[in-house]
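Visitor: I am new to this structure and would like to be shown around. Please start with the strands and go on from there.

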Amino acid sequence: MAWRFAFVLAVCLATSSAASAAEPWYQDWDGIRKAAARVNTIETTFVQTRTLKILAKPLVSRGVMAYRRPNDLRWEYKSPLETLLVVRAGNVQRLVKHAGKWVTDASAKLEAMKVVLGEINLWLEGDFSSSRTFRPVLRPAAAGQPAHVELVPIDPSLAKIVSRIAIIFAERPGTVSAIDIYEENEGVTHIAFDNPRFGGAIPDERFDPPRQ
Amino acid sequence: MTRTCCLSPLLLLAASCAHLPSLSPLPEDATAATTARCQQVFPRQPWHATHTIFATLPFGQNSELLGVTATSPEGLHAVLLSPEGLTLFDGVQRRQGAAGPPLVVKRAVPPFDQPAFAASLMADVGSAFLAPPGAPLAVGRYASGDSVCRWSPLANETTDVVLGVAGTKMVLTFRNLHLVRQVALVGSGDDGFFTEVSLTVPGAGGYTLEMRLVDRE
């Protein structure tokens with residue numbers, strides 16, 4: 001289930017709206033690394049839109065994300081599914097809500113998650129080029145497309161699941177505004193972040209499974 | 001769900017006796033109305049629907065997915081998505097008599113690529129959302145008083161649509177006289193779309209799928 005985290009890898013740079021008038025921070029890998037290193041915490045909501053050929057309307061999911069350097073993460077879907085991934089100090093837990101209670105999602109392969117989360121740490125540093133899972137290509141803004149990193153799976157078996165990922169930079173240094181996940185012949189999943197807050201203190205409990 | 005739980009032991013007991021639950025006849029003037037009510041528990045084609053699916057699998061494993069189902073001239077289309085939107089399974093069960101293989105798997109990633117999975121999933125979806133073809137072979141009552149329409153779409157398979165006296169609605173599938181699938185339809189059922197559909201496959205390798213309606217077209 002390593003692919004489940006393909007997008008989470010990218011998310012951890014997340015979201016922005018504020019701007020600087022200077023040259024873009026995403027001109028090169030070194031600039032990206034330096035900018036990412038200055039982002040210590042993020043809290044944001046997101047809207048995930050999935051298009052499918054058999055649906056006239058896209059499928060919309062909503063959730064929240066929290067990140068705290070160096071590697072604490074909360075990725076929570078609030079609708080229509082209620083699922084929760086929390087990572088704190090290297091401990092990974094995935095839960096689903098059923099009949100009003102959070103229960104462990106036993107189908108998640110946590111060992112695989114740990115491997116991929118190791119990759120995330122590289123990405124949190126803005127260090128895309130050291131990834132062993134994806135080959136990164138820096139794409140400057142052109143032809144109506146915003147500047148982004150394109151990630152192509154190195155492992156052919158992963159490429160059957162995710163053909164490529166586009167991480168779209170925001171203007172605030174070290175952040176992204178959206179992520180597009182492409183599947184071959186299967187449409188795209190678009191994750192857009194809104195209302196991000198940077199640098200605020202996030203309590204430990206946000207990265208723990210809920211008490212019940 | 002409470003109603004489902006109350007009915008289940010009775011039905012499983014009936015099935016364990018390796019014969020179909022017997023039907024007593026309805027008054028002749030009630031048959032047509034009962035048949036119509038049985039057919040109304042299924043959505044009228046064509047349709048698209050999106051459900052959340054909570055799966056309780058053998059050995060207590062739980063998982064939650066999104067399911068998109070649709071009927072079209074091509075047949076029955078089912079797509080399973082992870083919460084993150086990734087396609088785990090995409091298959092089409094072609095209509096009887098259509099050219100080509102009856103079941104086309106367009107995409108299946110582990111563990112949804114097991115050989116028997118596609119056929120089982122399509123049978124599950126078909127049981128819950130597709131009316132058996134044609135008119136029922138029999139319309140009657142169980143000993144409990146529940147009204148029943150009975151079809152036999154395959155030689156060794158029987159489908160009972162059960163309209164409970166307490167308002168419950170179920171679809172039971174028997175194969176070789178054994179209950180192999182039980183679908184409980186819960187909620188208002190507007191146009192054949194119920195707010196909750198609970199499907200149980202009994203037995204050692206059995207599982208339960210609890211589907212909640214998100215959207216329909």
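Visitor: Over how many bridges do E3(A) and strand E4 of chain A pair, and in which sense?
Guide: This is a predicted model, in which local features need pLDDT of at least 70, side-chain atom pairs count only at pLDDT 80 or more, and totals for chains, interfaces and linings use all residues. Residues are numbered from 1 along each chain as its sequence is written, while chains are lettered from A and ligands numbered from 1 in the order in which they are written. Strands (E, at least two residues) and helices (H or I, at least four) are DSSP runs numbered from the N terminus, and two strands pair if DSSP finds at least two bridges between them. E3(A) and strand E4 (residues 83-88) of chain A pair in the antiparallel sense, over five bridges.

Visitor: Which residue in E4(A) is the bridge partner of A:Trp75?
Guide: A hairpin joins E3(A) to E4(A) through three residues. Within E4(A), the bridge partner of A:Trp75 is A:Leu85.

Visitor: Which residue in E3(A) is the bridge partner of A:Arg62?
Guide: Strand E2 (residues 59-68) of chain A pairs with E3(A) in the antiparallel sense over seven bridges. These two strands form a hairpin with three residues between them. In E3(A), the partner of A:Arg62 is A:Ser79.

Visitor: How many of the eight residues of strand E3 of chain A are buried?
Guide: A residue is buried if 20 or more other C-beta atoms lie within 10 Å of its own, exposed if 12 or fewer, and partly exposed in between, with C-beta atoms placed from the backbone. Of the 212 residues of chain A, 40% count as buried. Strand E3 (residues 72-79) of chain A is mostly covered, and its buried residues number six.

Visitor: Over which residues of chain A is the pLDDT below 50?
Guide: The pLDDT is the predictor's confidence in each residue, from 0 to 100. Chain A averages 83, and 81% of the residues score at least 70. Where pLDDT is low, the predicted coordinates should not be read in detail. In chain A the value is below 50 over residues 1-21.

Visitor: Which strand gives the most to the side of chain B that touches chain A?
Guide: Two residues are in contact if their C-beta atoms, placed from the backbone, lie within 7 Å. The contact takes 25 residues from chain A and 24 residues from chain B. Strand E2 (48-57), strand E3 (61-72) and strand E4 (75-81) of chain B each supply at least two residues of chain B's side. With seven residues, the strand that gives the most is E3(B).

Visitor: What separates the centres of domain 1 and domain 2 of chain B?
Guide: Domain bounds come from an automatic or database domain assignment. For chain B it gives domain 1 (1-42 + 135-186) and domain 2 (45-130 + 206-217). Taken over C-alpha atoms, the separation of their centres is 24 Å.
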